[in-house]
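Here are my notes on this one, written as numbered points. Keep the picture open while you read and click on each residue as it comes up.

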Amino acid sequence: MSDVRFTIRRGLYVIAAFAVMSGISCSDSPFDPGDPEPESGWSIQNPDIDIRGLRDLCCAGNGRLVTVGTGGSIYLSLDGGEAWSNISSPVSLNMYGVDFLDIFTGMAVGDAGSLILTTDGGLTWETVDTGISNTLNSISVTGDSSAVAAGAGGTILRVNGLDGAWSGELAFVPERFNAIQSVGGDDIRAVGSEGWVYSSRDGGNTWRRSYCGEDIELNGLFFHDTDNGLSVGDGGRIFVTDDGGITWAKTHEFASVDYLDISFFDADSGSAVGTGGAVLFSANGGISWDAIDVDTENDINDLFFFDGSLGVAAGDGGVVLFSEDGGRNWDVISNPEMTANFYGAYIDGTGKIIVVGSGGTIYEKAGTGAEWISVTSGVTKNLYGLSGNGSGELVACGSGGAVISSHDGGSTWNWSGGSISKTFLDITIDADGHYTAAGPEGLIASSIDQGTSWRILVGRMENYLNDIAFSDSLNGVAVGYSGVIVRTVDGGETWFFQESGTGETLFSVCMLDSVESVAVGEAGMVLHTVDAGNTWTIRPTGLTGRNLGIEIHEAPSWVVVGRNGHIGISQDKGATWSNIDTLTSMDLYGACHTSIQEIIVTGEASKIIKSVDGGAAWSDVSLSVTDDLNSIVMFDLEIAFTAGKNGTIMKTVDSGSSWLKCSSPVQSELTSIFVTDENTVYICGMGGSILQTIDGGKEWTEQDSGTGADLRDIVFTGEGRGVTVGNSGTIVITDDGGSNWNPVTGIVSEDLTSVFFHGDSIGMATVVSGQVILTVDRGENWTVLETGIVTPLYSISAAGDDIWTACGEGGSIIGTDDRGATWSIQPTPTSISLNSIFYSTGYLWFAAGGDGVILKSIDDGMTWYRLTGITTEDLNSIYFFDNLEGSAAGAGGTIIRTWTEGEY
């Protein structure tokens, strides 16, 4: 081979590129040389997404469905759920909710306040700044181009006009908080009315609400660390938790006593105090308790331990108790002059005791044997809470927003109150001197400047909302943890609480109209209202699992989905239910009717199932692609197509970052793709299948090939001329873009495995017997060429009219530079079968085959070397757009791509 050939070949490549793929436009490579390159030079682009979960599903109309899930995943179907597009997402955060105003305009929400918007029906998305960091679990786009989202921290976020600014507030909290504790760092715990416990792990920015198990007043709490804690309340109840307050177990109940406070000095030993002089001691972490006799019947309101021996408690009528043995024994140490009710007690390492109470009363006692001294507080308001940080810093709080502080261990006090005038019932101070206070009306506030200014952490709303729905622009409902239901009748401007009748967590709600709604949740819960939520009726379903989603297409027909693949269907508005076998045990989150009979359901691991008979039978239309891929073709640097078994067809428009699974009219194996322009693509396959699209892959139609033979390869040359070859020597040609196909017979009887044309007229096809056939008249007539080998050949490509290379069984590669008159065997570094060969540009050739083998030649095929790959799957097709960028596809849905000529 001469250098002259190399020069000629470069020129012929340019001519061939424009002749074979007219209309191809070049654009800059998406590979940034400044980015880290993949170690092997290739990156995996598999469309397999089994590790992801799909959390919500929306029908936008006209057969358009959108589903979103973990990792920012977005998938779009244009045909009622049969085929799905993997859409490029502008976020990598988990997405939990999606809703559409019309066929074009939609929104999705997720972690960290993320919100994304589409105005072209879900094809492209952009981020929207919500101004919050709370997780958003659901969104409803209302009929007046407004939207309302709901989520963690009780967040309800709304916008009037989809291009406006978002505003938000928090959902309902208990009537009041009675006690609060800074556990350490950003961890805060609070307890209050109705058995609620609130936990924050981010300094109060977001809160999680849990239920102790009983609707009682919780009066005190104590956490050893972020996970292990106790709480006490009315009816002699004591509860423990080991998961940070998410779940609670009752360890004690004595109905005649209300316990008011609890404190431990190590993981095992501590005390609880309450009404009537009740004092308990536990030596096993609160699992069991012993009653301790004390010389008082006054209510004991507050309890504090400094270490393993010193403890102090204070209560009504001026009573103060002191323990030197960790709470096993208590002595009354107050004097007759102390008559105020004491609500707060503190003791430091020196034995100094401080108590605070009604009318701004403060007393201090320097230690054992010292006298009590009345200390001026500077306030006349009741002081309900007292806290110290062990470094001489103390703070007390009370009615009317009173906050006073001491920097000398409690001897002198100064006003530290800010702008809040509401009562504080308890206060805590951390090692940094930061205050956190709690009180009635669901109030929790914090100050980082010793009380000068305050930030409201929890106001008027609940902590975790799971779903939101609107029936029209005014009427909406949100549901969440512990049976919370809130409603709006003014488009989300204001919200009010509705009694649900259950403490079970609610995960989903659907509104039929402004008065009728259905909500579902934990333990098979289904709630129904027909009077705008004034009363909610629990529908007996016979279901026991967790219901995660509800969808209603027409009033009588309800569909609920949930844990472990559960689907329940009612055709009589929840009166009776049928349990449906869906052939999956994966959790299901979202459902959508595309018609009265067609139902789509999505869930974890990207599971999508569909029923076309009202739920009686189901088929799997999941997004993961594991079918073998036989052919891949790049139209330009962004657009490419691939096809394979089971009728699989996929398209990418973003250089392979995401792939669209196109709707295919066949289930047979597809073997070869040819792209004539951006919109027109042909595919051939088993059983004589030939498919065509003229809209870029949205719709595919079958063409009559005139044969039932398996077709292996297809190529178009120009002016509607096409040639496809297949088994048993089959050759069929068309001159009208595939409207009519005509056979060419009598050439060979063996299977033809590939075909390639250089220009309009000259083409070659490979034969499984090792021969090659040649045409110089656009495929009308063919000549059999002997290659000198008898092993099967699987692929052929050309760099010029005379320069051809073929590959096949056992790693064989043969080449000719005289149009097939003579052939030479080219040495290769592998004995693994090579399934595809491609000429790139200049002197570059590539071949791909079994076990992920990729070969490269930089000297026109005289020598070949193996590239470092990143897959061991068989590769069936390789294609390069230029000398740098290429793709390969193969078994198990494998797709790989390089931007660096396949090198490091």
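Predicted model: local features only at pLDDT ≥ 70, side-chain atom pairs only at ≥ 80, totals over all residues.

1. First, a term you'll need: a residue is buried when its relative accessible area is under 20%, exposed when it is over 50%, and partly exposed in between (1.4 Å probe, protein chains only). Residues are numbered from 1 along each chain as its sequence is written, and side-chain values use heavy atoms, with hydrogens and water left out.

2. Now for what Glu-903 does: its side chain meets that of Lys-856 in a salt bridge (3.0 Å, N to O). The term means a side-chain nitrogen of Lys or Arg within 4 Å of a carboxyl oxygen of Asp or Glu. The pair links distant parts of the chain, 47 residues apart: Glu-903 is in the segment after β84 (895-898), and Lys-856 is in strand β80 (residues 854-857). Strands here are DSSP runs (E, at least two residues), numbered from the N terminus. Lys-856 is buried, with a relative accessible area of 1%.

3. How many salt bridges does a search of the whole structure find? The count is 20. As background, side chains of opposite charge can pair when their charged atoms come close.

4. Have a look at Arg-201 and Asp-187, another salt bridge, with the closest N and O atoms 3.2 Å apart. Arg-201 lies in the loop between β16 (196-200) and β17 (208-211) and Asp-187 in strand β15 (residues 187-192), so this pair ties together parts that are 14 residues apart in sequence. Arg-201 is partly exposed at 47% relative accessibility, whereas Asp-187 is buried at 10%.

5. Asp-628 and Lys-645 make a salt bridge too, and their closest N and O atoms are 3.4 Å apart. The two sit in loops, Asp-628 between β57 (619-620) and β58 (629-634) and Lys-645 between β59 (640-644) and β60 (649-652), so parts that are 17 residues apart in sequence get tied together. Asp-628 is partly exposed at 22%, and Lys-645 is partly exposed at 33%.

6. Over to strand β51 (residues 558-562): are its residues mostly covered or exposed? The strand is mostly covered, with 5 of its 5 residues buried. In a regular strand the side chains alternate between the two faces of the sheet. Here, Trp-558, Val-560 and Gly-562 point one way and Val-559 and Val-561 the other.

7. β51 has partners as well (two strands pair if DSSP finds at least two bridges between them). Strand β50 (residues 547-552) pairs with β51 in the antiparallel sense over 5 bridges, and Asn-547 stands opposite Gly-562. Strand β52 (residues 567-570) runs antiparallel to β51, joined by 4 bridges, with Ile-567 as the bridge partner of Val-561. β51 and β52 form a hairpin with 4 residues between them, and Asn-564 in the turn has a positive phi of about 55 degrees.

8. Last stop: strand β78 (residues 834-839), where 5 of 6 residues are buried. It is joined by 5 bridges to the antiparallel strand β79 (residues 845-849), and Ile-837 has Ala-847 as its bridge partner there. β78 and β79 form a hairpin with 5 residues between them, and Gly-842 in the turn has a positive phi of about 60 degrees.
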